[in-house]
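Thanks for coming. I will go through one model, starting with a single chain and then moving on to how the copies meet.

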There are 4 protein chains.
Amino acid sequence: MANDTQTIPTLGVGMLGYAFMGKAHTNAYKTLDYIYTPPPAHARLVAIAGRDTAQVEAAARRYGYEKAVTDWHALIADPEIQVFDDGAPNSLHAEPSIAALQAGKHVICEKPLGRDAAEAKRMWEAARRASQDGIVSMCAFNYRFVPAIRLARDIIKAGRLGRIYHFRANYLQEGLADPNTPVTWRHAAETAGSGALGDLGTHIIDLARFLVGEPTTVSAAVTTFVTERPTASGGRSPVTVDDAFAAAVTFENGAIGLLEATRYAKGRRNHQVIEINGEKGSLAFNLERLNELEVYLPEEESPHDAQGFRQVLVTEHSHPFYDVWWPRGHIIGWEHTFIHEIKHFFDAIMNKRSVAPDGANFEDGYRACVVADAIKESSRTGQRIAIAY
Amino acid sequence: MANDTQTIPTLGVGMLGYAFMGKAHTNAYKTLDYIYTPPPAHARLVAIAGRDTAQVEAAARRYGYEKAVTDWHALIADPEIQVFDDGAPNSLHAEPSIAALQAGKHVICEKPLGRDAAEAKRMWEAARRASQDGIVSMCAFNYRFVPAIRLARDIIKAGRLGRIYHFRANYLQEGLADPNTPVTWRHAAETAGSGALGDLGTHIIDLARFLVGEPTTVSAAVTTFVTERPTASGGRSPVTVDDAFAAAVTFENGAIGLLEATRYAKGRRNHQVIEINGEKGSLAFNLERLNELEVYLPEEESPHDAQGFRQVLVTEHSHPFYDVWWPRGHIIGWEHTFIHEIKHFFDAIMNKRSVAPDGANFEDGYRACVVADAIKESSRTGQRIAIAY
Amino acid sequence: MANDTQTIPTLGVGMLGYAFMGKAHTNAYKTLDYIYTPPPAHARLVAIAGRDTAQVEAAARRYGYEKAVTDWHALIADPEIQVFDDGAPNSLHAEPSIAALQAGKHVICEKPLGRDAAEAKRMWEAARRASQDGIVSMCAFNYRFVPAIRLARDIIKAGRLGRIYHFRANYLQEGLADPNTPVTWRHAAETAGSGALGDLGTHIIDLARFLVGEPTTVSAAVTTFVTERPTASGGRSPVTVDDAFAAAVTFENGAIGLLEATRYAKGRRNHQVIEINGEKGSLAFNLERLNELEVYLPEEESPHDAQGFRQVLVTEHSHPFYDVWWPRGHIIGWEHTFIHEIKHFFDAIMNKRSVAPDGANFEDGYRACVVADAIKESSRTGQRIAIAY
Amino acid sequence: MANDTQTIPTLGVGMLGYAFMGKAHTNAYKTLDYIYTPPPAHARLVAIAGRDTAQVEAAARRYGYEKAVTDWHALIADPEIQVFDDGAPNSLHAEPSIAALQAGKHVICEKPLGRDAAEAKRMWEAARRASQDGIVSMCAFNYRFVPAIRLARDIIKAGRLGRIYHFRANYLQEGLADPNTPVTWRHAAETAGSGALGDLGTHIIDLARFLVGEPTTVSAAVTTFVTERPTASGGRSPVTVDDAFAAAVTFENGAIGLLEATRYAKGRRNHQVIEINGEKGSLAFNLERLNELEVYLPEEESPHDAQGFRQVLVTEHSHPFYDVWWPRGHIIGWEHTFIHEIKHFFDAIMNKRSVAPDGANFEDGYRACVVADAIKESSRTGQRIAIAY
């Protein structure tokens with residue numbers, strides 16, 4: 001009495017990458033099937049690709065992929081695969097994703113979409129062409145799928161904050177506060193494109209655009225605190241990406257704001273904090289408490305003698321994404337954002353529509369790279385940089 | 001290249017109940033397989049039982065159970081089933097679980113184990129007899145499997161709080177604050193045994209025992225705020241269980257404490273808060289922020305000029321249960337407690353050992369019922385009641 | 001151009017005690033004069049009394065009292081004194097306060113009013129008799145004068161929580177968690193009457209009565225964790241008062257609750273936390289953040305998609321007591337409760353009216369002692385004790 | 001038995017301004033006398049000046065100033081006055097303060113010191129000259145006198161954070177979020193110099209310098225959201241100052257940071273939040289909870305399994321400034337910062353030494369204006385501006 005395969009369509013998935021993102025995405029494909037009834041499609045785990053034979057085979061066994069391959073081209077060539085999922089390091093986003101799109105596969109690609117805006121633009125152009133044949137592409141900005149973030153957006157879109165005055169987002173981690181932490185692919189411009197800027201910064205750039213609209217200028221400081229790090233082999237290697245940035249931003253709607261990301265904030269595990277202030281109210285969010293949204297909407301309260309930020313536990317069945325989960329107060333975790341995201345992606349595929357505007361498409365992925373590049377440029381030149389997509 | 005079934009053993013699961021607990025347990029069986037590498041055993045979802053034919057068949061399809069049955073005896077009789085999972089209403093705990101144990105099946109049963117201590121005692125006796133044949137039984141007190149709770153226990157067991165002075169736990173929900181909420185099986189002594197006391201109270205009684213040891217006396221107030229409620233059919237039905245209780249408690253080790261549970265705490269979604277004060281430090285926990293533990297251990301800090309409760313995000317790979325999950329700061333949710341619990345249960349089965357002391361066995365389930373009964377008795381008689389197991 | 005003494009009346013103050021409470025009350029008398037414009041009366045600091053000649057003279061110089069005396073009878077005999085302020089240890093509450101009342105002086109006395117209910121009753125009787133001559137008496141339960149507490153009471157009295165289901169209050173300090181802390185007058189029944197019960201417990205008993213009404217029964221555990229302590233002289237002395245208590249309580253209005261106080265809660269500096277749950281909402285308070293009140297009033301919000309406890313900063317000029325202070329957000333401290341309290345006391349004196357019901361009179365002081373005695377009695381006998389004033 | 005005037009010296013105070021700052025400073029002069037034993041000097045309230053005769057006379061009566069004058073020159077001319085306290089609007093800082101210094105009076109002046117750096121520089125030069133005659137001057141950056149801020153500085157100066165990577169400070173208020181709030185002197189460049197930048201921004205600029213050192217560059221966005229507001233008389237008036245700014249900053253020590261201030265953050269009453277991240281730890285502060293400091297110092301803890309930000313209640317007698325106050329946990333308020341500040345000022349006067357480096361002198365006041373001007377300049381030109389004092 002397995003899942004009604006006669007009525008539920010199947011999408012064959014090819015996964016590139018078996019580490020952090022491979023695990024998170026695969027969990028989503030597997031969970032989707034029984035959390036949504038019915039799911040938009042059943043995910044058939046056709047193949048997984050990665051460089052290390054032993055590891056990719058172990059990953060295939062672990063997750064139940066039918067095949068393990070060491071060359072991503074095999075995923076592109078596989079006719080059983082309709083969905084290409086790119087969870088590889090940043091230097092392996094553009095070429096495989098474009099190839100998959102050209103091969104008529106739907107693509108979901110991790111962020112940052114490209115190592116720079118030029119690379120991302122090529123991907124977006126490929127996606128745009130493919131979309132004419134009903135091919136769906138998505139940039140995996142999963143924080144758009146946090147219930148609290150979606151609730152925030154609903155509140156803003158409904159005009160309940162009024163005119164927006166301020167947006168501020170700080171994405172603080174501490175992975176590199178210790179100068180003796182060894183170098184990885186994430187420290188090299190060649191493989192990663194950028195550092196905190198691409199890895200953490202693009203998340204909050206995307207959320208800024210998602211929540212309050214297009215930035216118009218950036219004025220930034222970008223820095224590398226530790227310019228050389230030990231290698232695994234006992235040597236020293238230069239760090240060629242940024243460690244942190246801080247930027248003052250202006251927005252099309254007249255708001256001003258701050259964007260900041262760092263891997264040097266000791267004690268901050270995954271501290272993505274966002275605050276938005278409008279004429280009629282404010283919102284605040286912290287990713288480490290992702291089930292919560294702080295909401296200040298004084299005009300919606302009466303009487304007016306006891307006003308303050310409401311600590312909203314975003315776990316009501318009426319809240320975004322939460323209806324499929326548990327009774328209220330039984331919180332969900334970080335991984336659930338991917339389940340919501342893949343559900344949205346599959347819905348788009350089955351309904352032949354774009355993932356935008358609720359999900360991020362490749363244009364959104366490209367735009368985040370444009371803003372990131374502008375932040376670098378502002379720091380390099382000492383000039384305020386106008387955003388031009 | 002599916003999971004290495006030649007090397008990973010399989011346990012056939014029969015599930016009684018397809019609602020809240022059926023979903024949470026099934027999610028654990030399905031996730032276990034790829035989160036733990038290798039898992040202690042592969043869970044084969046053999047059959048699910050429930051009263052409503054259409055619903056149980058839908059549940060089987062949804063979750064991938066091979067069979068759907070409407071009589072739980074079919075699970076007991078099924079030779080493909082080695083593990084009997086009882087997620088049914090309280091009145092269906094004793095008879096099915098005892099039958100399963102007698103049929104040589106491992107049993108995990110939801111809490112409260114019995115509707116009262118006498119019923120729970122019969123279950124414990126059956127479990128004790130079955131254990132002589134290597135049969136493992138577990139009472140599903142899943143909060144023992146919250147990383148923060150386990151970390152709290154590790155700290156206490158290591159003596160880092162010194163002598164324990166205080167334990168206090170309040171389990172606050174708000175489901176029934178509105179007197180017009182209709183009656184369900186949870187409001188009838190016949191089906192539920194008790195109200196907030198069995199449903200919420202036994203969780204914190206178990207945690208009191210798990211964290212600081214055996215209670216010796218209780219002095220309690222138990223009440224039913226709304227004694228009659230509307231029925232679905234438009235009539236009125238009496239409420240025959242408690243709505244809330246408050247109890248002063250003494251412990252074997254000299255500590256005193258408070259236990260409280262209610263379904264009438266407006267604004268409190270799933271607010272299980274615990275605090276423990278010892279000679280050398282204190283701990284505090286809130287289930288709505290289950291990834292966090294507040295820790296005060298001033299003697300472990302030097303210098304002493306900046307002391308206070310530490311907000312510990314219990315998401316390090318060195319923290320209990322967390323090593324299989326995500327990079328730190330990427331929080332897990334409520335459902336994960338079941339994954340940790342079923343892993344522990346399967347480990348016990350495969351290693352032919354008890355789930356105790358880290359997990360709750362049927363004796364623990366029974367003891368929680370004894371304390372719950374004493375709370376009722378204290379309220380009824382106006383006497384302090386000594387706990388006698 | 002000093003204060004308009006021709007129009008502002010003067011009250012001569014005699015203060016008994018120059019330590020903690022002497023300082024806090026004196027600060028209030030001195031500040032009152034220029035914070036309220038005009039103040040209800042100008043406080044003339046006539047005399048201060050204490051046992052140690054050098055210390056009481058230093059205190060007089062420091063605070064500007066005109067005289068220093070070592071025998072409190074001198075305050076009673078002094079015709080310049082209209083207000084007798086008793087901030088002495090508990091064993092020096094009854095006799096001096098009664099003497100002052102009989103001498104026609106207005107009296108404000110620290111809590112607990114008496115060392116037990118019998119002693120407190122004699123004081124209340126003296127106050128009642130004196131009130132017939134326009135003499136005002138007050139028991140200094142200063143937490144009634146916290147803006148957040150008064151706001152809480154206003155919300156409850158207006159019916160905005162609906163029927164009250166729960167009251168819980170825990171007053172946690174840590175002064176004695178270390179068994180090597182030496183003995184003081186606070187550890188002896190003779191001088192203190194009781195321990196945490198009288199010192200901390202009466203505060204929350206009074207707040208329970210102030211906020212939700214009369215308790216009807218208590219079922220309690222009272223304990224002394226450390227029964228012997230070192231003396232300053234190197235010896236050992238028995239501790240003859242309680243260290244902590246925990247009590248389940250019922251209220252006249254059907255609510256149930258918990259009361260707890262301890263000096264053994266490591267890490268809790270002055271942690272008086274209160275929560276009240278009603279049919280339509282909830283309130284929560286923590287004395288360590290005394291400018292804040294958490295307010296849950298979902299029916300007063302619309303729409304209903306973003307509900308949660310509001311973090312109200314009780315520093316609006318429309319909030320209780322705050323209008324005389326600073327622009328909002330500029331918080332006040334613990335000492336300000338006394339300024340509000342003395343203002344209220346002086347208002348009552350000048351207007352020849354009782355300090356009740358907003359302030360605590362001697363009957364309130366007595367009632368708190370009755371409940372405290374019942375808690376002791378319940379622990380001693382193992383019985384639920386009915387409150388009988 | 002009044003204060004030992006023979007042994008305690010007296011300083012005659014002349015106060016310019018009777019509103020917000022006049023009240024806060026006067027409260028400090030009056031309280032100083034009995035909180036510190038002995039105080040460094042007794043403050044004699046000689047005269048208060050203000051434009052409105054009736055109001056300044058009322059203020060004199062209220063606070064106990066001997067004289068009320070409407071021309072500030074009278075304060076300068078008064079030989080009884082040794083201390084000139086300038087709490088007037090920004091346009092009345094330079095001329096009166098310089099005149100007072102030239103007349104040989106010690107001066108404490110509110111911030112921003114000047115309406116721009118040029119004006120502030122003249123003041124600093126006057127102060128430097130006067131200092132040669134033992135005249136002490138102070139810029140009233142009172143947040144240097146918050147116990148938590150001073151504790152933060154002590155921790156940083158001791159090297160306990162290691163190398164500093166990040167400083168961020170946001171000073172959020174909401175006074176002007178509503179476009180219909182009428183215009184005041186604070187909205188005109190002529191009287192105020194700048195808006196949020198001078199009023200709120202200079203506070204956090206000073207704290208940045210106080211805590212982590214000199215800024216080297218700023219890249220900023222400055223804006224005026226509402227460019228015209230209603231007047232009291234029913235007309236409309238242009239707003240000629242900024243409403244908010246956001247700036248990316250670099251520091252001499254290699255740290256990067258963010259500075260932001262606004263009067264348009266709905267729901268934020270007096271929300272000055274600061275975070276500092278270093279190689280070995282982090283600190284966080286919120287002015288609305290000014291008795292608390294969040295401290296992350298993992299290397300100072302052992303074992304390492306329970307690390308997180310400590311919620312330090314900065315109310316120990318061993319903490320900065322707190323020893324004169326109450327038992328721990330009995331919090332102080334915003335006004336207390338002025339008492340600590342005036343104590344420090346009087347100490348400096350009596351000991352003929354500078355208020356720096358713990359207090360802010362006129363050079364600090366000037367430097368804050370330089371940074372504020374650079375922020376304006378950066379926004380105007382679109383260039384990163386190097387700070388040049």
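Start with burial: of the 389 residues in chain A, 65% are buried, where buried means 20 or more other C-beta atoms within 10 Å of the residue's own, exposed means 12 or fewer, partly exposed lies in between, and C-beta atoms are placed from the backbone. Before going further, this is a predicted model, in which local features need pLDDT of at least 70, side-chain atom pairs count only at pLDDT 80 or more, and totals for chains, interfaces and linings use all residues. Residues are numbered from 1 along each chain as its sequence is written, and chains are lettered from A and ligands numbered from 1 in the order in which they are written.

Chain A has ten helices and 17 strands; these are DSSP runs numbered from the N terminus, helices being H or I with at least four residues and strands E with at least two. Its radius of gyration is 21 Å, close to the 21 Å of the globule rule for 389 residues, so chain A is as compact as a globular protein of that length. That radius is taken over C-alpha atoms, and the rule is 2.2 Å times the number of residues to the power 0.38. The C-alpha trace of chain A spans about 60 × 55 × 40 Å along its principal axes. Among the contacts in chain A with a separation of 6 or more, 68% are between residues 24 or more positions apart; a contact means C-beta atoms, placed from the backbone, within 7 Å.

Now two helix pairs. In chain A, the axes of helix H6 (residues 147–157) and helix H8 (residues 196–211) come within 10 Å and cross at roughly 35 degrees. Axes here are lines fitted to C-alpha atoms, for helices over the stretch in contact, and angles run from 0 to 180 degrees between N-to-C directions. H6(A) contributes Ile149(A), Ala152(A), Arg153(A) and Ile156(A), and H8(A) contributes Leu207(A), Phe210(A) and Leu211(A). By class that is six nonpolar, no polar and one charged residues, with Ala, Val, Leu, Ile, Met, Phe, Trp, Tyr, Cys and Pro counted as nonpolar, Asp, Glu, Lys and Arg as charged, and the others, Gly among them, as polar.

In chain B, helix H8 (residues 196–211) packs against helix H10 (residues 362–381) at an angle of about 115 degrees, and the axes are 9 Å apart. The residues that meet include Gly198(B), Gly201(B) and Ile205(B) in H8(B), and Ala368(B), Ala372(B) and Ile375(B) in H10(B). This contact has seven nonpolar, three polar and five charged residues.

Next, the chain pairs. How many residues of chain D are in contact with chain A? There are 38 from chain D, against 38 residues of chain A. On the chain D side, strands E7 (164–172), E8 (215–223), E11 (244–251), E12 (256–262) and E13 (271–278) are the elements giving two or more residues. E11(D) gives the most, with six residues. The class count for that side is 16 nonpolar, 16 polar and six charged residues.

Chain D superposes on chain A by a rotation of 180 degrees with 0.0 Å of shift along the axis, RMSD 0.0 Å; the two copies are thus related as by a two-fold rotation axis. The superposition is by least squares on the C-alpha atoms of residues with pLDDT of at least 70 in both copies. In chain D, the C-alpha nearest the axis belongs to Gln383(D), 2.4 Å away. Of the interface residues of chain D, 100% are also interface residues in chain A, so the copies meet through the same surface.

Chains C and B: a rotation of 180 degrees with 0.0 Å of shift superposes chain C on chain B, RMSD 0.0 Å. In chain C, Gln383(C) has the C-alpha nearest the axis, at 2.4 Å. The contact takes 38 residues from chain C and 38 residues from chain B. E11(C) supplies the largest share of the chain C side, six residues.

Last, some backbone details. In chain D, a cis peptide bond joins Thr37(D) and Pro38(D), with omega about -10 degrees; Pro38(D) sits in the loop between helix H1 (20–35) and strand E2 (42–49). Another cis peptide bond joins Ser302(D) and Pro303(D), omega about 0 degrees, and Pro303(D) is in the loop between strand E15 (292–296) and strand E16 (308–313).

Two residues other than glycine have positive phi: Lys352(A), near 50 degrees, and Phe321(C), near 70 degrees. Are they buried or exposed? Lys352(A) is exposed, with 11 other C-beta atoms within 10 Å, whereas Phe321(C) counts as buried, with 22 C-beta neighbours inside 10 Å.

Methods
Contact = placed C-beta atoms within 7 Å.
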